[in-house]
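Me: I'd like to understand how the labels for a protein model are reached. Could we go through some of them together?

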Amino acid sequence: MKDPCDHYTFDLIGGVQKKPGRKPLGERAMTVAERKRRSRELRRNRLQELSVTVELSREAQKSLDKMIEWWGVSKKEAINRALLIACQSQMGRTASLFGFELPPEGKAAARKNKDI
């Protein structure tokens, strides 16, 4: 009698051994080219969801260049920092409209400001 937990040993009476590997997505297994094409498409879709294209005014571009020079970082990092700083400066006023949570040190400062 075969152990019901044993999925690797071939059953001599009426059983068929399972094929190794994952089951195909369609009726047949994908070729290497099909798998790669699907992988590239999924990656392209993920990157498009994460990327943003923005047009800046000349003054905003000059400010961005100054931030890059001060911090010594890339444009991407400078924009990320500027957005985080702007968001943190609004905590307690408009942050509740967008569902942002105050960091622990920010909650203590907000309580002090309410008491004053």
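This is a predicted model: local features need pLDDT of at least 70, side-chain atom pairs count only at pLDDT 80 or more; totals for chains, interfaces and linings use all residues.

Me: Why are R81 and E77 called a salt bridge?

Reply: Let's set the distance against the rule. The side chains of R81 and E77 meet at 3.3 Å, N to O. A salt bridge needs a side-chain nitrogen of Lys or Arg within 4 Å of a carboxyl oxygen of Asp or Glu, so this pair qualifies. In general, side chains of opposite charge can pair when their charged atoms come close.

Me: How far apart are R81 and E77 along helix 3?

Reply: R81 and E77 are four residues apart in helix 3, so about one helical turn separates them.

Me: Are R81 and E77 buried, exposed or partly exposed?

Reply: R81 has 31% relative accessibility, and E77 has 33%. Buried means under 20% and exposed means over 50%, with partly exposed in between. Therefore R81 is partly exposed, and E77 is partly exposed too.

Me: How do you know that E34 and R28 form a salt bridge?

Reply: Their side chains meet at 3.1 Å, N to O, and the cut-off is within 4 Å, so E34 and R28 pass the test. By this rule, the count comes to two salt bridges.

Me: And what makes E34 and R28 partly exposed?

Reply: The cut-offs are again 20% and 50%. E34 has 23% relative accessibility, so E34 counts as partly exposed. R28, with a relative accessible area of 49%, is partly exposed as well.

Me: Which residues lie nearest the centre of the largest pocket?

Reply: V54, L56, I79, N80 and L83 do, out of 15 lining residues. Helix 2 and helix 3 (75–89) are the elements that give two or more residues to this lining. Helix 3 gives the most, with five residues. The pocket has a volume of about 410 Å³.

Me: What kinds of residue line the largest pocket?

Reply: By class, there are 10 nonpolar, four polar and one charged residues in the lining.

Me: How many helices and strands does the protein have?

Reply: There are five helices and zero strands. Of the 116 residues, 6% are buried.

Methods. Residues are numbered from 1 along each chain as its sequence is written. Side-chain values use heavy atoms; hydrogens and water are left out. On a 1 Å grid over the protein atoms alone, a cavity is a set of points where a 1.4 Å probe fits but cannot get out, and a pocket is an open set with protein on both sides within 12 Å along at least five of seven lines; lining residues have an atom within 4 Å of a point. Grid points are joined across faces, edges and corners, and a volume is the space filled by probe spheres set on the points. Ala, Val, Leu, Ile, Met, Phe, Trp, Tyr, Cys and Pro count as nonpolar, Asp, Glu, Lys and Arg as charged, and the others, Gly among them, as polar. Buried means under 20% relative accessible area, exposed over 50%, partly exposed in between (1.4 Å probe, protein chains only).
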